[in-house]
Number of protein chains: 2
Amino acid sequence: MPDTPDAAQRITTPPAAQRQVETLYEGKYLRMMKVGRWEYATRKKVSGIVGIVAVTDDAKLVLVEQFRAPVGRNVIELPAGLAGDIAGRENEKMETAARRELLEETGYECREMVELVEGVPSAGICDEVIQLFRASGLKKVGPCGGEPTEQITVHEVPLGEVEAWLTNQRKQGKLVDLKLYAGLYFARR
Amino acid sequence: MPDTPDAAQRITTPPAAQRQVETLYEGKYLRMMKVGRWEYATRKKVSGIVGIVAVTDDAKLVLVEQFRAPVGRNVIELPAGLAGDIAGRENEKMETAARRELLEETGYECREMVELVEGVPSAGICDEVIQLFRASGLKKVGPCGGEPTEQITVHEVPLGEVEAWLTNQRKQGKLVDLKLYAGLYFARR
């Protein structure tokens, strides 16, 4: 049974003003907030986050690898990105953001982009909410590698070999994003 | 193929001193850090984080629900918790922490606690690294509900019904932690 909410069902975090949230520190990209006794990080100028479970017609999962400064290592992840962080496109639709990020990071366009599920990655430390999409009918139309500030390597791994491949990547000192396993769950369902 | 690293293979984030990390703000529980142009949140006094995929002998997945201040909503999650945050137990083993958290949050002891995989939940905003374990041979030995400061509701959901059940929970305004779908992947593998 697909867990595909329509827009009316979409969950939004209650506005900060209603929750008596206090700003402890204002960075350039992040803020440190406090509500009650609880401290957490929030992004500035972002309306949402998308992650994409992209499977090619020959059953390969499309993954990206990039250096992640907070952990000081390369991380293997689903293609993903922020919505609403581009001036003039603050109200970008989530599906539009998912198509844009997939194209920017991997060079793939897709025929279908279907929302799978919405969820949180780590609600004890940040207020991120992520929409996962499934992309199918993939067609390579451009170069990959992300924006000029990103250095992204694209991997295409046969679905049946992803776990063994990840084990090998980890032996090389890379980390794996746990959302990737959520993606595997949906890709194999 | 199980992706079970031994201790020698465990990936650790390079020490902050080697990466020229700067502290932007020092909170009570969190710090805001900066490395290069990148800002991120880090926890103080924590040596690791564990998450537990706990399946009962009658094939039910054990889940917890608690209010998460950063998102202002109740979140359905895998049982999980911090290691090394208790005075005198800073060097607690990850497996020990997993057994302790499972018992504290759900009242279950387990015969087997096996590491499944290590990964990051959101390496763009924080430096958390999480070890996922699989718990089997569960035996109810105590009350559930977490520490006195936590208010935790335990749910036991038949594996085949988890997705439909989560859809229903979301309709009630709750959020779902995406690691739960990673847990489903491993539980059904």
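**How chains A and B meet**

In this predicted model, 57 residues of chain A are in contact with 57 residues of chain B (contact means C-beta atoms, placed from the backbone, within 7 Å). Several elements give two or more residues to chain A's side, among them β1 (22-26), α2 (162-171) and α3 (179-188); helices (H or I, at least four residues) and strands (E, at least two) are DSSP runs, numbered from the N terminus. The most comes from α2(A), with 6 residues. By kind, chain A's side divides into 33 nonpolar, 10 polar and 14 charged residues. Here Ala, Val, Leu, Ile, Met, Phe, Trp, Tyr, Cys and Pro count as nonpolar, Asp, Glu, Lys and Arg as charged, and the others, Gly among them, as polar.

Local features need pLDDT of at least 70 and side-chain atom pairs 80 or more, while totals for chains, interfaces and linings use all residues. Residues are numbered from 1 along each chain as its sequence is written, with chains lettered from A and ligands numbered from 1 in the order written.

Now look at α3(A) and α3(B). They pack at an angle of about 55°, with axes 7 Å apart (axes are lines fitted to C-alpha atoms, for helices over the stretch in contact, and angles run from 0 to 180 degrees between N-to-C directions). The residues that touch include A:Tyr181 and A:Leu184 from α3(A), and B:Tyr181 and B:Leu184 from α3(B). This contact has 8 nonpolar residues, no polar and no charged.

So how do the copies relate? A rotation of 180° with 0.0 Å of shift along its axis superposes chain A on chain B (RMSD 0.0 Å), by least squares on C-alpha atoms of residues with pLDDT of at least 70 in both. That's the relation of a two-fold axis. And 100% of chain A's interface residues are also interface residues in chain B, so the copies meet through the same surface.

Methods: Two residues are in contact if their C-beta atoms, placed from the backbone, lie within 7 Å.
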